Structure formats: structure tokens, C-alpha cells
Number of protein chains: 4
Amino acid sequence: MEQDTKVTWRNKLHNIIYESNTVAGKIFDVALLVLIILSIVVVMLDSIQSYHQRYGELFHILEWSFTFLFTLEYLLRLISIRKPLLYVTSFFGIIDLLAILPSYLSVFVVGAQSLLVLRALRLLRIFRIFKLTHFLTEIDFLQTAVSSSLKKITVFMMVVLFTVIILGSVMYLVENGENGFASIPDSIYWAIVTITTVGYGDIAPVTPVGKFIASIMMFIGYGIIAVPTGIVTNEMVNATRSRKHGHETCPGCGKEGHDRDAVHCKYCGTLL
Amino acid sequence: MEQDTKVTWRNKLHNIIYESNTVAGKIFDVALLVLIILSIVVVMLDSIQSYHQRYGELFHILEWSFTFLFTLEYLLRLISIRKPLLYVTSFFGIIDLLAILPSYLSVFVVGAQSLLVLRALRLLRIFRIFKLTHFLTEIDFLQTAVSSSLKKITVFMMVVLFTVIILGSVMYLVENGENGFASIPDSIYWAIVTITTVGYGDIAPVTPVGKFIASIMMFIGYGIIAVPTGIVTNEMVNATRSRKHGHETCPGCGKEGHDRDAVHCKYCGTLL
Amino acid sequence: MEQDTKVTWRNKLHNIIYESNTVAGKIFDVALLVLIILSIVVVMLDSIQSYHQRYGELFHILEWSFTFLFTLEYLLRLISIRKPLLYVTSFFGIIDLLAILPSYLSVFVVGAQSLLVLRALRLLRIFRIFKLTHFLTEIDFLQTAVSSSLKKITVFMMVVLFTVIILGSVMYLVENGENGFASIPDSIYWAIVTITTVGYGDIAPVTPVGKFIASIMMFIGYGIIAVPTGIVTNEMVNATRSRKHGHETCPGCGKEGHDRDAVHCKYCGTLL
Amino acid sequence: MEQDTKVTWRNKLHNIIYESNTVAGKIFDVALLVLIILSIVVVMLDSIQSYHQRYGELFHILEWSFTFLFTLEYLLRLISIRKPLLYVTSFFGIIDLLAILPSYLSVFVVGAQSLLVLRALRLLRIFRIFKLTHFLTEIDFLQTAVSSSLKKITVFMMVVLFTVIILGSVMYLVENGENGFASIPDSIYWAIVTITTVGYGDIAPVTPVGKFIASIMMFIGYGIIAVPTGIVTNEMVNATRSRKHGHETCPGCGKEGHDRDAVHCKYCGTLL
């Protein structure tokens, strides 16, 4: 009987912490999110020198409070789940641990506290809550489009990477190791800054030949930025099309995937 | 009888000020637009130090003239409308008030005059005039495409925001609070400048690891700029398609996808 | 008889200068293009201080030679055309005149010579030659797509312009006329530099609030760059589609514009 | 008999070096790729001043080892192929030679060693290995889309080039050869930096007129970046469509536009 109560108690806790279909579960999720955001804001403000000097003491207390709460949450998660090891080694389990470890480490190692910024990773939980809302379709749509264009974008990025290595090396020779082009890695860094049209200007060509090559690189960057856009757009158009069409089933052979304008099944010829 | 004349008089004024289907109404709208633009130009020129010193007196007189005219317009709007409170609390009502308040405030509060730049908001009236012209379809088209892609772009922007917070925090650790990466908010600001490919160069990584992370961020920014473009383009293609093809169903064969101008079903020839 | 010879002579000259369907006409066009490019290269090199000091004399002679040749060409064009006034007032006629005037002006006005850069406008002639080649279809395609999206892009650019005026003005207030935000026009210039993701970095926000507003602007710029791309892409997809489809004529009513999958004419119901 | 063994031996070597359908061939390809990457990393590290001073000796030995191995590979390639001249004059043959020549040249010419960066070109071999994997379709798709949009992008790039030359020249006049606009080529370089939205900020307009023209350029750049994207996206959409829909015509009704996997005509049900 006692065992039973315990199980019920654990089950209830599990529902609150891991699920969001109960009122208590929703409140827990939102409260957790607010806590995460607050803890990140504190870490951010503490990193500003002037605030650190004035409110350092307060921030210190707040950080330990958040750490305590997150530790409590972590323990509750461990207790309420059937297979704790699975949670500990899961993606969110590792992030949850990374969010509390730095505080404890800072007792032994000086400066470990600055790793608290890793708490920002906990923000990813927002997507779990998002998933429960009407954004699910949109996330799903974006995921489909991005994942189906991943291969093409990989090939494209490889081409860009080679262009950047080769043109960066050439610039190193042209600018003769001067004007910020101190080494090949630096020159490649400049090439990336240029081809992605970021253009910090911390390194910029000075020699006429260097400027000419840089101009060509900019034109290349300007032209090829079209490629990833084209890839993603194309996949999205396809995703929309296949979402619209093809949900009709043929009465003859039971196959799906017919065009909107189809009169006969394309597989068996039956009138749709 | 007197009441009648008054009503007619108010009606006429209402037509001139709020509508644009009469000649007087059109003249009023254009004159107002010219006044708005002139008042903004004066505020702009007055903000240039050298002009302020030379023509400050003239600008002062002009600004008060514009304020007087806009106040008159505001009062006329109040008089000529049936429900003045509805206008006062409307979007354009608030903007119209914000355009005249700073001048009066400047009598009591020093520097309040600089809020006159808010007059720029009155420029939004241009869209009301535009709406009456043949640009209506285009505005409508853009609104449809943008509003239907808003949800997807929100999800996307959230992903970008998280990337920026996490990578910005990492850069703060890597560059060790130096080279402009003075605090986490500053580092996040840098991450936004980088991922959007703006790249001011006021903050730029100096350490090799920092440059490497920055390079990755630029590639990410380069790749994901494709996503919002893909979303908007996709919605536009859809909007064009659904504008062309009506959602009407053929009474003969039940097929959809007919052009807007179709008289007969293109599949079976039945009259639609 | 003499009149006749003269007419023939003028006709031949006209064919060579204005048309390109004869061998002589083609040679003339290419030779002219080479001359234009050479004259521009000379103007460019002459603008470099060190070259000007060394080869200034040579450049001077070359520039006068080009001016002489272009003047000769201009006179020949006047002679060989039936309605010289029409040519003089045409787009290319004005450009041709602008290409030779600065040299003559420089005799009377010091520095007028620098206007020689206007010769670059003559490069536009390249498109006339291009038109005769197989690039015609491509130019036509691009023109159609761009011109049909012009209205939408105008509306869009107006929205961007307002955003830039309003946010630029706000930044002037926030940065308090300091850090390069010296006046409202300067702040608007900065806003344009930011929203178009150019990001020179000559003006950059320094205050936290300024950086926050700048971040929002960058996100806006990042998001809305999708809109013109979407517009143009959409028009191109449409142009391609209408090029492919709809060239079939209905045997019943003679109307065109049928979908590829149409079985019956959508206007009269006749079987296609 | 001896001849036969030799041929077999040469054939086997050829299979290993030039093909990748055997285990030995695959190992050779991967090993070669690793060697290439290692040799590039060494050249890169050697270009960093501090590393060069500390490990210069080690890098020197490694570079000669790589040169020796690449020379060996080059000779093996010459031996194992039937027509060595064809290989020597082929694209990859030239690159392979360029990868070993600088080392030998450095014995006679000081500084020739820096040309070793050309080894980066050997990375292009990665695509040969890629081709054998499942990335083939993606590469093929991208190649089709890019090559079919090449003509349109050429026309577009020419328009951009003219805009840049003309507006660059105008800026040279406006900024009067000062503020970094030292010559027309420099001003054109600035115009390219601006229109491609790279925006280094090493040259930036200072005069009000200059800033105004720069603003217009940025808007132009912002607007026309849509064109190449539109072109590529359009071609990709077309490529996908024509990949899906065969160009087969139905023998029953003569209609086109059937899916690749269609067995029956979707309009009349006839067997395709």
C-alpha cells in the first residue's frame, strides 16, 4: 500500500515536471522558463564591470539561489523518472547539469563561475513549451525544409570553404604578409569576413592588386549568396506543394501522391 | 434649420479631412503631406549644428507655424468627426497628437523640442493616400505575404536569438572580456552585428580561437539568411497561385484549381 | 545623279554607324567599344596621383586623341542620320555629347576635365551590341521580371525609408547628438548603412540603449531583405510559367492563356 | 609473358590511383586527402610568424617529406596511365604539378616556397571522392541550376559593374579626391564594397552629398541583391519540376506533365 502511494506520488511529480498537459505541469514549465531567463539576466548584468562593482554582492546571492533551485529541480527530475540514467545522458540532462556545475566548481576553481553563461543553453527548453502551442506546424515546416536542403547546403558550403582557402592564400602572397594579412589563417579569416559580406574592416587590402582580388571576392560572395537561398526556397516550395497535393487516396490501388489536377490514378488508371 | 446647415457644414468638413473622393479632399491630403514633409525637413536641418547657429531663428518660427497648423488640423478633425474619442484613441489620432505636443512641452521642459522628430511618424499618412491609388493591390499583396509568413519568421528569429545569446556568451569567455567584448550584453551585440552580416568592426575578435568562432558565426549567418527569404518567397508564390486559381469547385467533376477568369471547367467543360 | 550617290553614301554610313547587320557595322561597333574602354582606362589611370605625375603628358595627348575621334564619330552620326535633332535629344545622343564636351570645356574652365569620367556612361552602348547576340532573351527575361516587380519594390522601399527616418531620428535622441550621430540626417545615413547590412562602422552606437535599438534595426534589416528577393523571385517564377504555358490557342474561341493541363477551353468549353 | 605481368601490374596501379571502386583505391584516395590536408595545415602554421620561429625546422622537414610523397605520387600517375601527356596537360595534372614545383623552385629562387599555398588547390580532389558517394545527385542538381542561370547572372553582373563604374566615378568628383577616394579605381573599389553590402569602412563618404549618393547606392545594392537570388531560385524550381515531371507525352490524349513514376496518364487513364 505504501509502495502504491509512493508510485502515485512519483507519477504525479513526473507529470508536473516532464509533461505539460496538466495545469500544474504548465505552471511548472512557465515558472522554470522565467527562472532560467532571470538567471541569465543576472549573469549578463554581472558581466558588466560597473554593475559588478555596485551589485556584485546581490548578484552573488541570486546566482547561488538559482543554483540551489536548479539543483533541486535536477534532483526532482532524477527521482521522478523511471530510468534516471537515460535522463542524465540525454541532451537536456547534460544541459541541466552544465547549468549548475559551474557554481559548485567556482568554490574550488577560480573563474569557473564565468561558465555560468552556459545557462543560456537552458533556453532551448522554450521549444519544448512552443511545441505544445500552435507553433508546432511552423517548426515542423521549417525543420523539413532545412533538413531536406542540408545535403545541398553542405556541398555548397564546401565550395565556399575551398574558395576562401585558395583566395585567402593568394591574398597572403599579394599583400606580402602586411596590412593585417599576417599569416595564411588570418588571410582566410579575412576572406570569410569578405565573402559573407560581413566586412569588419579590421583587415582590408591596401595594394591595388589586393583591392582587385578583394573586389572579385565580393562579387563572388554577392553572386553565390543566391545559392543557399535558392536551395531553401526550393525545398519550401516543394514542402508546401506536397503538403497541399497528394493526400487523396486512389480507390483502385490505394496509393497516394496524386497531383491536384489528376483525373485518373497515375499508377493503375482508375478514375479518382 | 440652423442645425441642418451645421450638420451639412460638418459633413462637408469631414469629407474634406477624412475622405479623398472629392477634389477638395484630395487637395487637403496632398497639402497636408507637403506640410508634413516640410516640417520634417525643418526639424532635420535644425539638427545640423552649423545650420542651427545660422538659421536657428527662422527654424524656430517655422516650427511654431507648423505646430499651429497641425493644431488647427487636429481641432478640425475633432470637430468634424461624430465620435471624437474614437479618433483621439486611434493609431493616427495618437500620432497626430504626438506631432504637436513636443512644441508646447518645450515651453515648460527644456529639450522637449527634440521630440519633434516624432513628426516623422505622420509620414505614415502617405499610405492612406497610396491606398486610394493603384498601389492598393501591391500593398495588399505584400501584407498578405508578410502576415502569413510572420509565424514562421517568429520561430526563425527565436532560433537566431538563441544562437546569438549562446555564441555571444562563448565569445565573452574566449576573448576574456577584452578587445571590446567587455561584457556579455556587448558580446551579444557583437554576435548580432556579425550574424546579420552588418559587421561594423567596432568590436572584432583578436584571438585565434575568437576568429575561428567568428568565422563559424559568419557561415551560420550566411547560410540562415536563406531561411526568411525562403519563407517570404514561398508565401508570395502561394499568394500568387491562390490569387490566380480560385478555390471554386466544378459542379461537373468536382475538381478545383480553376483560373479566376474561367467560364468553363478546364477538365470536363462544364459551365462553372 | 549626284544626289543619288550622296544618298547611297549616307545610307551606307548610316548602316555602318547605326546598324550592326553588316560586317563593317560590326567592326565599327567593336572598334568603338574598344575605344570607349581605352578612353575610360586612361581617365582612371590619370586620376591616380603617382601615374598623373609620371605619365600626365602622355595621358593628356591620349585624352585629346579620344576626344577628337569621338567628336568625329559624333559629327558622322549627325551627318548620316535623317533627323539629326532626334539623335541629339535622344538618350544616347546626350551621352555622346557629354563624352566630348568636358575636354573642350577644360580649355576655358579649370578642372572641367575631371568630368571626363562621364565617358563611363558610353559603356551603356555595350547593351546595344549585346542585344544582337544570344543574350537578348536573358535581358528580356530580366527586364520583364524587374519591371513587373517595380511597383511592389517601390512600396517596399517606401516602408524601408520610413523605418529608416523614424529609427534614425530615435537614435539621434538616444545617442544625444554624440558618437557620430551629429544630426538627424547623419543618424538617418547611419540607419541606412545599418539596415542594408553594409555597416561601415564610421558611425556606431556606443550607449547601451543605442546598441539595443541598433540590434533591433539589424534584425529588421535581416528579416526584410527577404521581401525584395521574394518579390523578384516570384515574378521570375511567374514569367517562366507564363512563357511555358498558355501559348496554345483555343480552336473554338481563339483565346490563349490556357493551363498546361487544361482539357477544355476555360472560356468556351471547347475541347482543346 | 613478362609484358603481360607488367601490364597487369600497371593496370592494378591504375585502378588504385585513378579509380575508387576497389578497397585499395578507396584507401589510396582517403590517404591522399589526409596528406593534402596535413600539408596545407603545415603551410598555414608555417606562415604564422611565432610558430615559424619556434618550429621552422620541423615544418621544413615536413614540407620536404610531403613534396617527396607528392612527387612519388605524380610519377606513379605518369607511369600507370596510358597517355601520360593527357594527364600532364589536364586540369588536375597541372594542379598536381603546381603542388610540388614550389619546393624545388625554392632551392634556386628565394621565397618561391610561399607558393606552396597553391597546394590548397589539391583540395579540389575532394569532389572526385564526393562524386562517388551519395552527394553526386546534389552536386549535379547545383551544377545544373548554376550553369543554367549563368547567362542571366552574367548580364546582371554587367549591369552591376556599370553601376559601380559610373557611381564610383561620380563619388570621386563629389568627394574631390579626398577622404580615401584618392583615385577613380579607388572610388570604384569603394563602390563595390558598398553595393555588395560588405562595407569595410576603410573608405567612407564624409561630405553630405557623398553620404546621400552612398545611401542611394546602398538602397540599389539592397534591392538588386534580389536579382541573382531570384535567378538561381527560379532555375532550381524549374530543375526540380522537370526532374519530377517527365517530358513524356501521353499516347492517348497528347498531354504532357506526367510524373516520373506515372504508369497511366493522369488525364485520360491511358497506359503510358
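Mentor: Helices and strands are DSSP runs, numbered from the N terminus. Keep in mind that this model is predicted.

Trainee: How many helices and strands does chain A have?

Mentor: Chain A has 11 helices and zero strands. Along the sequence, its pattern reads α-α-α-α-α-α-α-α-α-α-α.

Trainee: What share of the residues of chain A counts as buried?

Mentor: Buried means under 20% relative accessible area. In chain A, 49% of the 272 residues fall in that class.

Trainee: Now chain C. At what angle do helix H2 and helix H3 of chain C pack?

Mentor: Helix H2 of chain C covers residues 23-47, and helix H3 of chain C covers residues 49-80. The two pack at about 150°, and their axes lie 8 Å apart.

Trainee: Which word describes how H2(C) and H3(C) run, parallel or antiparallel?

Mentor: Check the cut-off. Angles over 145 degrees count as roughly antiparallel. H2(C) and H3(C) are therefore roughly antiparallel to each other. As for handedness, H2(C) crosses H3(C) in a left-handed way.

Trainee: Which residues form the nonpolar patch on the surface?

Mentor: The patch is made of C:Leu97, C:Leu101, C:Leu105, C:Val107, C:Phe108 and C:Val109. Together they have about 550 Å² of accessible area.

Trainee: Which helix gives the most to the nonpolar patch?

Mentor: Helix H6 of chain C, residues 101-108, gives the most, with four residues. C:Leu105 sits in that helix, H6 of chain C.

Technical notes: Residues numbered from 1 in each chain as written. Chains lettered and ligands numbered in written order. Predicted model: local features only at pLDDT ≥ 70, side-chain atom pairs only at ≥ 80, totals over all residues. Heavy atoms only, no water. Patch = residues over 30% accessible without salt bridge, like charges linked within 9 Å, V, L, I, M, F, W, Y side chains within 5 Å. Areas by Shrake-Rupley, 256 points an atom, 1.4 Å probe, with all protein chains shown as cover. Salt bridge = Lys/Arg side-chain N within 4 Å of Asp/Glu carboxyl O. Axes fitted to C-alpha atoms, helices over the stretch in contact; angles between N-to-C directions. Parallel < 35°, antiparallel > 145°, perpendicular 65-115°, else oblique. Left-handed = near helix turned anticlockwise from the far one by under 90°. Buried < 20%, exposed > 50% of the residue type's maximum accessible area, 1.4 Å probe, protein only.
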